[in-house]
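Please look through the sequence and the model below.

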Amino acid sequence: MLKRLWPSSLLGQVLLSIALSLMLAQAVSAVLIYRAQHERRESALLHSAAFRMIIAMRQDARLAARNGEDREESGREREREGRGFQIERTQDAPLKPGEARWPKDEKELRAILEGQDMQVDEVLVVRRPIAEDPRSLVRLERRKQRQDITPEEVLVAGARVKGSEQWIVARVFITATEQVILGSLLVQTLFIYLVVLGAMILIMRRITRPLAKLTRRVELFAETRSAQDQIEPQGPNDVRRLIEAHNGMEGRILALLDEKDVMLGAIGHDLKTPLAALRVRIESVEDETERRRMAGSIEDITRTLDDILSLARVGRPSDMAEQTELYSLVSSVVEEYEDMGEPVTLGDASRHVMSLRPTWLRRALRNLIGNALRYGKSAHVSLERDGGTAVIRILDEGPGIPDGQIARMLEPFTRGDPSRNTETGGTGLGLTLARAIAEQHGGSLRLANRRAPDGRVLGLEATLRLPG
């Protein structure tokens, strides 16, 4: 599943890697930021409650120090404060049945109060829905017109001063800021994505575009072996150097091919000339048997020489590809053998017009059919279409090839087991040349034994596949 989703192009893989890395880094950053914001907000809530409680405790202590009428006035002041929202003085602990206390907050609140020299016997912190706290509901109703975000909870913190039965209770609204934080992080992430990925797309396109052109150029050179349409160096310095190196390599390869053609031409001329002279001289040999043997040897040498020269030149043919009706080409080769009285038949066939080199393809078919006649005594040829590929099959009824030697039979000068030795003819280059011609057309040649249901070998099947 992941393999299917993973992009195949260099551009896609680099961009996806950067996107995943950014996502991971941003996720870690978001978690850290969220935790820091959450802890800061919790600390602010406790400090706010503690601040109000400290003021109330100090005011109580100051009013308790007054005498007479001042005491009566002090009582009235505390009574007025007691009706406020922020501070409540009560004899009962501000804990309702079923409510959970927050030990960590209580520990921190006690530390804050004692840090301000406030001596307390007991500290209590709870979080309560506003709907369950009448004082908070009244306060919230007054503040509705001034608030954009409506709190849903209230922090209720109470402390009982040492030596007193009275609780001083402070309330702080808890505003849900998580959505604001998450929204800010999301906007930040999208902005980073747009900036970084936009820059990477521009950079990677500048790198991959010349690489794509170079890939197409390599494919074209492998097919045509031509120096035309070389690409100009472009892109970053590394890519430019790669293109320059490739252009130079093409030039050296073409020079080597030219030298090879010149050398092969010279070899062919130097060998064929004395062979032709020998062919004339053997006519003076009186012994018929000896003359026939000498002629056969000369013919073998000539055929071997032709195959070697053809194999060497097949990678760089002089004739260009042309639109050819493949059925007519195959049937014409089969008719050549029929005219010679050879047992070659053409079975199922369909018409295909393809771009190919007819001279070379005739050579490949003759080699395969000749191989079938030589070792299988007969040949049956068929032509069909498999999707966009033309498939030519040549079947014989010979002994086949041992499975372990099939791949080796496509190598030069390989004749296989004794049943396929020099006595049966052949130079050991026919199949090699046929495979080279198939690959020259972008196709392939495959050999396989045909077997009966009981495993018995019925013959050899040569399959020539040519993309159309």
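**Salt bridges and the sheet**

Arg-160 is buried, with a relative accessible area of 16%; buried means under 20% relative accessible area, exposed over 50%, and partly exposed in between (1.4 Å probe, protein chains only). This is a predicted model, in which local features need pLDDT of at least 70 and side-chain atom pairs count only at pLDDT 80 or more, while totals for chains, interfaces and linings use all residues. Residues are numbered from 1 along each chain as its sequence is written, and side-chain values use heavy atoms, with hydrogens and water left out.

Arg-160 forms a salt bridge with Asp-121, with the closest N and O atoms 3.6 Å apart. A salt bridge here is a side-chain nitrogen of Lys or Arg within 4 Å of a carboxyl oxygen of Asp or Glu. This pair links distant parts of the chain, since Arg-160 is in strand 3 (residues 153-161) and Asp-121 is in strand 2, 39 residues apart. Strands (E, at least two residues) and helices (H or I, at least four) are DSSP runs, numbered from the N terminus. Asp-121 is partly exposed at 35% relative accessibility. Arg-160 also meets the side chain of Glu-122 in a salt bridge (3.7 Å, N to O). Glu-122 is in strand 2, 38 residues from Arg-160, and is partly exposed at 26%.

Four strands form an open sheet in the order 1-4-3-2, with antiparallel pairing. Two strands pair if DSSP finds at least two bridges between them. The edge strands, each pairing on one side only, are strand 1 (87-90) and strand 2 (120-129). Strand 1 is joined to strand 4 (residues 167-174) by 4 bridges, and Arg-89 stands opposite Ile-168 in strand 4.

Elsewhere, Asp-386 and Arg-465 meet through their side chains in a salt bridge (2.8 Å, N to O). Asp-386 belongs to strand 8 (residues 379-386) and Arg-465 to strand 11 (residues 457-467), 79 residues apart. Asp-386 is partly exposed at 42%, and Arg-465 is partly exposed at 27%. Salt bridges that share partners also join Glu-88, Glu-99, Arg-128, Asp-133, Arg-135 and Arg-171 into one network. The count of salt bridges comes to 24.

Asp-133 has another partner: its side chain makes a polar contact with the side chain of Ser-136 (2.6 Å). A polar contact is a pair of N or O atoms within 3.5 Å; within protein, one must be able to donate a hydrogen and the other to accept it, and residues adjacent in sequence count only if both atoms are side-chain atoms. Ser-136 lies in helix 5 (residues 134-143) and is buried, with a relative accessible area of 0%.
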